[in-house]
There are 2 protein chains.
Amino acid sequence: MLQQDVLRDRIVARFEEMSPQLQQAARYIVENTQEVALVSMRELARNAGVQPATMTRLAKFLDLSGYEDIRGHFSEALRLRADGFAARAREREGEHGPAGSGLAHDMLQSLSAQIGRLSEPESLARLEGAADLLGQARRVYVLGLRSCHSVAWHFHYVMTLLGDRTVHLDGPADTGADGLLRAGPEDVLLVISISPYAVQSLELSALAREKGLSVVAITDSEVSPLIPISDQVILCSTESRTFFHTLTPALAVSEVLCGLLAARDREGSLKALQEADQHLATLNIYANSIPRRRI
Amino acid sequence: MLQQDVLRDRIVARFEEMSPQLQQAARYIVENTQEVALVSMRELARNAGVQPATMTRLAKFLDLSGYEDIRGHFSEALRLRADGFAARAREREGEHGPAGSGLAHDMLQSLSAQIGRLSEPESLARLEGAADLLGQARRVYVLGLRSCHSVAWHFHYVMTLLGDRTVHLDGPADTGADGLLRAGPEDVLLVISISPYAVQSLELSALAREKGLSVVAITDSEVSPLIPISDQVILCSTESRTFFHTLTPALAVSEVLCGLLAARDREGSLKALQEADQHLATLNIYANSIPRRRI
DNA sequence: CGTGCATTGCAACAAGTGTTTCAAAAATTA
DNA sequence: TAATTTTTGAAACACTTGTTGCAATGCACG
């Protein structure tokens, strides 16, 4: 096996010291680590040909508090392996991990992997499909409420620099939906929504569809309520070790869409960008050092 | 998803026919298939936020004899996946770059790497340092203009769910800066700004410093104008193959900061989150399906 | 040949499992 | 509106789980 597994190694290392029954249990575990996670202790014992109690005793022998520790370890290992984190986890183990405040490290590794997974063939195809639809649109309406506002706004902002085809469905005093007033079948709605789904996003998307718009959705699940009313769907993970969902992969998706759209019309994009630059320059929007205070 | 999974597909296919509770259970299963194999039904139900009985009912709904069938299926799937993992990993290494339409692929790979690089020891130390400062603050003022608005707003939004210590320096009619009116030495400014740097971000940061605030900066370069006036700096890459800079790594950084802050006060965060949930629930902000039009 | 000691099997245990039943609540229909 | 059906929550069910204490077993050593 490729994976490095501290507990498994410990079992192997202390194998010789074990009594015959313990060895029999240990042998079965070492040779079937996934089974530990997948079946009950009693069944494992049955398959290994030992008494249930022997498994508990093996745990104690390994200085663990009980069999649950063994199962916990191999469950976690299997979880990671199945997620495709194995390679990264191995790297992580290799580095001198102080095991201290691993949260930041874990979050970043996980984000990196989640975005990496977006470059699998199926995701790429969906991204291209979405870019096709968006590219043909007369106007692109962008909708993202609450947590998804950041993604919607960023897409809109970048597209604004590249042209004037996008309309951001947001505004003060609940006027956000007004943008759809004159939208029609030649237009496309780009909606970003993740669980829990904002009612208004769903309602507006349904309305857009009724008005004949095509719908491109960036969402988080194959059973997202947006799927039935969308022409193109891009799925991105929002899993996180924290209390809240991550939007980093969704933002990555939106940036890729911007990139694809810009690439479809290099000349136009470049020209629009130059105009934007000039506009912002005359307004003195940007600086490279802290300006002296304007009195 | 590479593997085909008949049961998962069946769940997705019949999702629409399900009752709300069944949908909630089904949604959780579809999005966490490994968990089905790894934890008990009751725990799965707990995590999915449904009654244990609902899982059994879901099984019956799918024409299975009981929940054991569901678990059996996903256990088998996980077993196979774990076995075939090594082989597939090797394959994946081989299929490097079909070169066709590579932009999306390249962008995602690059983003994944950029975020991965953030988990190097130095970055982690800076993140911890920034979290320390932010954690002690009486109030946290968040400032991000133009392209950085998305990051600033996302940070603010998440922190709002976790408590009420943050103030977003943005607003209509150029009132954004007003928030700093009563800020003082006990407060911290979190500013996000990348090249080209918005003049107003620099000005406001300088003002905040004059008022005695500590400054935490998320920026893109060791020669960023923010560095001299900041107490803690987190650098993140904005390089991109496109015409515009990427903000995905910056968003990742802000999410990690949120995570670290939440972890510093688990109890408080959890409680605040529950309150937020309740508030949003009474307002009917969220839904899991397209609601019938309100007349 | 016993004696001591680790090892093993067994039975009992509290706790947790998946399932079923039933009544209340909600949604739908008349 | 009332009547009907569907959906939901809660409790009880029989069963399995992981653990533990105790007696039986085997085995080495005087």
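**The second largest pocket and its surroundings**

Modeller: Helix 11 of chain A gives the largest share of the lining of the second largest pocket, with four residues. Keep in mind that this is a predicted model. The space in this pocket is about 490 Å³. Its lining has 24 residues. Closest to the centre are A:Leu145, A:Arg146, A:Asp170, A:Asp174 and A:Gln200. Two elements give two or more residues each to the lining: helix 11 (199-210) of chain A and helix 9 (149-162) of chain B. By type, the lining has ten nonpolar residues, nine polar and five charged.

Stay with A:Arg146, one of the residues closest to the pocket centre. A:Arg146 sits in the loop between strand 1 (140-144) and helix 10 (149-162) of chain A.

The peptide bond between A:Ser195 and A:Pro196 is cis, with omega about -5 degrees. A:Pro196 belongs to the loop between strand 3 (188-192) and strand 4 (197-198) of chain A. Chain B has a cis bond too, from B:Ser195 to B:Pro196, and omega there is near -5 degrees. B:Pro196 lies in the loop between strand 3 (188-192) and strand 4 (197-198) of chain B.

Chain A brings 89 residues to the contact, and chain B brings 88. Together they bury about 8100 Å². Carbon and sulfur atoms give 66% of that area. On the chain B side, three residues supply more than any other three: B:Leu108, B:Arg146 and B:Phe243. Their share is 10% of the area that chain B buries against chain A.

Now the polar side of the interface. There are three salt bridges between chain B and chain A. In a salt bridge between side chains, B:Arg8 meets A:Glu222, at 2.5 Å from N to O. The side of chain B that touches chain A has 48 nonpolar residues, 22 polar and 18 charged. Across the interface, 19 residue pairs are in polar contact, with both residues at pLDDT 80 or more.

Step back to the whole model. Over all chains, the salt bridges number 23. The side chains of A:Arg14 and A:Asp63 form a salt bridge, at 3.6 Å from N to O. That pair links distant parts of the chain, 49 residues apart. A:Arg14 is in the loop between helix 1 (6-13) and helix 2 (20-31) of chain A. A:Asp63 is in the loop between helix 5 (52-61) and helix 6 (67-83) of chain A.

Note on methods
Residues are numbered from 1 along each chain as its sequence is written. Chains are lettered from A and ligands numbered from 1 in the order in which they are written. This is a predicted model: local features need pLDDT of at least 70, side-chain atom pairs count only at pLDDT 80 or more; totals for chains, interfaces and linings use all residues. Side-chain values use heavy atoms; hydrogens and water are left out. On a 1 Å grid over the protein atoms alone, a cavity is a set of points where a 1.4 Å probe fits but cannot get out, and a pocket is an open set with protein on both sides within 12 Å along at least five of seven lines; lining residues have an atom within 4 Å of a point. Grid points are joined across faces, edges and corners, and a volume is the space filled by probe spheres set on the points. Ala, Val, Leu, Ile, Met, Phe, Trp, Tyr, Cys and Pro count as nonpolar, Asp, Glu, Lys and Arg as charged, and the others, Gly among them, as polar. Contact means heavy atoms within 4.5 Å. Buried area is the accessible area (1.4 Å probe) that two parts lose on being put together, summed over both. A salt bridge is a side-chain nitrogen of Lys or Arg within 4 Å of a carboxyl oxygen of Asp or Glu. A polar contact is a pair of N or O atoms within 3.5 Å; within protein, one must be able to donate a hydrogen and the other to accept it, and residues adjacent in sequence count only if both atoms are side-chain atoms.
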